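Colleague: I would like to go through this model feature by feature. Please give the general idea each time, then the case at hand.

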Amino acid sequence: MPAPKMPAGRRSLLVTSATLVSLASSLALAAPAAVAAPTPTPTPGPSARPSATPPAVMSTVGGTRLGQPGTQVQLTNGAPVLPKDLTARSWIVADAESGQVLAAHNAHWRLPPASTLKMLFADTVLPRFPRSQTHQVTVQDLAGVGSGSSMVGIKEGETYTVHDLWLGVFLRSGNDAVHVLSAMNGGVPATVQEMNAHAGELQALDTHVVTPDGYDAPGQVSSAYDLTLFARSGLQKKDFREYCSTVRAKFPGETTTKKGRSTRSSFEIQNTNRLLAGDYDISQYPGIAGVKNGNTTNAGATFTGVAERGGRVLLVTVMNPEKPDHNEVYKESAALLDWGFQAAGKVTPVGELVPPRGGARASAQPGAGDSAGESGQAGGGSGASGGAGASAHPSGSPVAAATGSGHSTGVGTAMAIAAGLMLLLGGGAFLVNRRWPLPDLVRRRR
């Protein structure tokens, strides 16, 4: 169940923009005790696993250094060294509020994302339906769910609320719940098209969506950088924050009829995010508040998390650790978060999380995105002078594990926006007071 609210501080950001906006939203969460969570079954897929060697040239969205292979970090006096024994093929640590990238490793390597792609699915589809809306599931709704998929246990003929379905998506990573919501949204092809369009809007140019649930498919890729953008955008929505931070909940079961009386059972589902729910070999991470984990044959283990400590909120994404230890993706994520909280203010950022195209929009107003019927996405980012993301270009290098791409960059639009902004601003940057709700994601133990 969602944890009770507690107050937290709010902060202002420096960004480059021509509009003065204020995003008002708050969420605070208190921590449950660590409990064991079930292990999701890795999903088999049709294509080969990616090469172990990153491409020599990658996208430079967010900064030139982020396009370079290998580890990118710039320590200053007193800064802690990075954790040892990091084996992930790609990872990134960023300040969720300012957008500064503290350190990264192959941040733009295009790799299979597994169920972390559900963050983009939720950020795209969640605003379409109020949480109280109901839907009776048909056979067609569940058609096309991949063999071996993680499931929450949706049954045809039963009726579920949108709230139930999103709990199934976030807690159990249910591909069946994703397919039902996609059917409500006009079908899987239409949903995939919308997800690709939204990824482009967020400047997540490493991403190409083939399946809405992250099931392995030829050509389906994302990157640690893009997954972090998806999390940052999704966390602007109150319902997104609630679902991704819920540890356990009741889910509707089957309806039975006895002596002319129908009753419906329920069962408990638990979040498979080990830093949130805990496991026998790993404790709940102090300050954790989401976001999403994944595991497939091609992708290996993937994870994006958000945590708060001392009023600072960090995002971390880790993709495909090579070390085979149990829960390794969470152990490396926790080590990077620990480093990030210690290093914040002691390292020179190596890049930034870019804002969406169009920057601050009319929907990013106080109260926007606070309910399941919301529309639009909250924009924002740190935006160094000149906008590093706007003039960047995606890589033309081969895509790891992709046998087909069809990936569209829209780089011309981004460059046109950059040119227009530079003309408008006269090459300068000025203060925009933009509130992000992320500092209110507090999950302290008492």
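The dialogue below takes up the chain, a helix, a helix pair and some aromatic rings.

Modeller: This is a predicted model, in which local features need pLDDT of at least 70, side-chain atom pairs count only at pLDDT 80 or more, and totals for chains, interfaces and linings use all residues. Residues are numbered from 1 along each chain as its sequence is written, and side-chain values use heavy atoms, with hydrogens and water left out.

Colleague: How many helices and strands are there in the chain?

Modeller: The chain has nine helices and 13 strands; these are DSSP runs numbered from the N terminus, helices being H or I with at least four residues and strands E with at least two. Of the 446 residues, 58% are buried. Buried means under 20% relative accessible area, exposed over 50%, and partly exposed in between, with a 1.4 Å probe and protein chains only.

Colleague: Which residues of H2 are buried?

Modeller: Helix H2 (residues 162–172) is largely enclosed by the rest of the structure, because nine of its 11 residues are buried. Among them are Asp 164, Trp 166, Gly 168 and Phe 170. Ser 173 follows H2 and has a positive phi, near 55°.

Colleague: How do I read a helix pair?

Modeller: Two packed helices are described by the angle between their axes and the distance between the axes. Here H1 (residues 118–125) and H5 (residues 224–234) have axes that come within 9 Å and cross at roughly 35°. Axes are lines fitted to C-alpha atoms, for helices over the stretch in contact, with angles from 0 to 180 degrees between N-to-C directions.

Colleague: Which residues of H1 and H5 make the contact?

Modeller: Met 119, Leu 120 and Asp 123 of H1 meet Leu 227, Phe 230, Ala 231, Ser 233 and Gly 234 of H5, where contact means heavy atoms within 4.5 Å.

Colleague: And aromatic rings?

Modeller: A pair of aromatic rings is described by the distance of the centres and the angle of the planes. Rings of Phe, Tyr and Trp (its six-membered ring) pair if their centres lie within 6.5 Å; planes under 30 degrees apart are stacked, over 60 edge-to-face, the rest tilted. The whole structure has seven such pairs. Phe 251 and Phe 267 form a tilted pair, because their centres are 5.7 Å apart and their planes at 55°. Phe 251 lies in strand E7 (residues 248–258) and Phe 267 in strand E8 (residues 261–270), 16 residues apart.
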